[in-house]
Amino acid sequence: LKRAFRTVARVLGGELNYRQTVVLASSIRDSSSVSITAEGGSVEIVCDESLVHARLTELPSPFRHPLEVPGAIESDEFGWTLSATPTDSPTPPLRSALSTSIDAAAIRGPLYFRGFEPGDAMRPIGFPHRRKISDLMTEAKMTAALRARLPVVCDLQGPMWVPGLCLDGRARPEVGSGQFIELQLTELAASARHNVRETTGSSET
């Protein structure tokens, strides 16, 4: 069964890793629903209680943007606002949260955000080893559409935070360690105008 899933993905130009095939096979056995996006993001396999669908997905153009502190980026196209604010009171890290605090001393170079890329990895808080972000997304049952619109906050060393998914252990906020930055992803209203707006400091609204 796992080989069949890999074959289907390859026919459409995608590649499933071992963990993804296990999740799909378990979904068939348990009659549960799951959506898996193959490496590269162009092939999605969806299992529900009665059918298995394999389809090509239309991916948005790659995006990357600096994240000023303090500042905020609002994207009507993807439906969120991402903000970064200095704080003296860090928020305890929670994997599924849409806000977190990072230790400012852990940042290497300027902060920026971009879309998820195959091969992205980090050592999330609560895990002893590095994990591929694609595997964490699979375990969280994130759809291809959600993966495509989710920002990945990075520095020069790589991914630091994926909202609602994981925070890198190197960015863990420790009380008494100094300055912190509060990151928050906020959902926008349903309207989509396909643009990105930026605000920095306290003088703009």
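A: The buried residues of helix 2 are Q20, T21, L24, A25 and S27, where buried means under 20% relative accessible area, exposed over 50% and partly exposed in between, with a 1.4 Å probe and protein chains only. Seen down the helix axis, these buried residues fall within an arc of 155°, so they line one face of helix 2; the arc is that of the directions from the helix axis to the C-beta atoms. An α-helix has 3.6 residues a turn, so residues three or four places apart point the same way. On the other side of helix 2, Y18, R29 and D30 are exposed.

This is a predicted model, in which local features need pLDDT of at least 70 and side-chain atom pairs count only at pLDDT 80 or more, while totals for chains, interfaces and linings use all residues. Residues are numbered from 1 along each chain as its sequence is written, and side-chain values use heavy atoms, with hydrogens and water left out.

Helices (H or I, at least four residues) and strands (E, at least two) are DSSP runs, numbered from the N terminus. Helix 2 comprises 13 residues, 18-30, and should span 18 Å at 1.5 Å a residue; its end C-alpha atoms are 18 Å apart, which agrees. The expected span is 1.5 Å times one less than the number of residues.

The cover over the buried residues of helix 2 includes helix 1 (2-11), strand 1 (34-37), strand 2 (43-47) and helix 3 (133-139), contact being heavy atoms within 4.5 Å.

At the N-terminal end, N17 caps helix 2, with a side-chain oxygen 3.2 Å from the backbone nitrogen of R19. A polar contact is a pair of N or O atoms within 3.5 Å; within protein, one must be able to donate a hydrogen and the other to accept it, and residues adjacent in sequence count only if both atoms are side-chain atoms. Just after helix 2, S31 takes a positive phi of about 55°.

Turning to the aromatic rings, ring pairs link F63, F78, W80 and F113 into a cluster. Rings of Phe, Tyr and Trp (its six-membered ring) pair if their centres lie within 6.5 Å; planes under 30 degrees apart count as stacked, over 60 as edge-to-face and the rest as tilted. Both F63 and F78 are buried. F78 and W80 form a stacked pair, 6.2 Å centre to centre with 10° between the planes. W80 is buried, with a relative accessible area of 2%.
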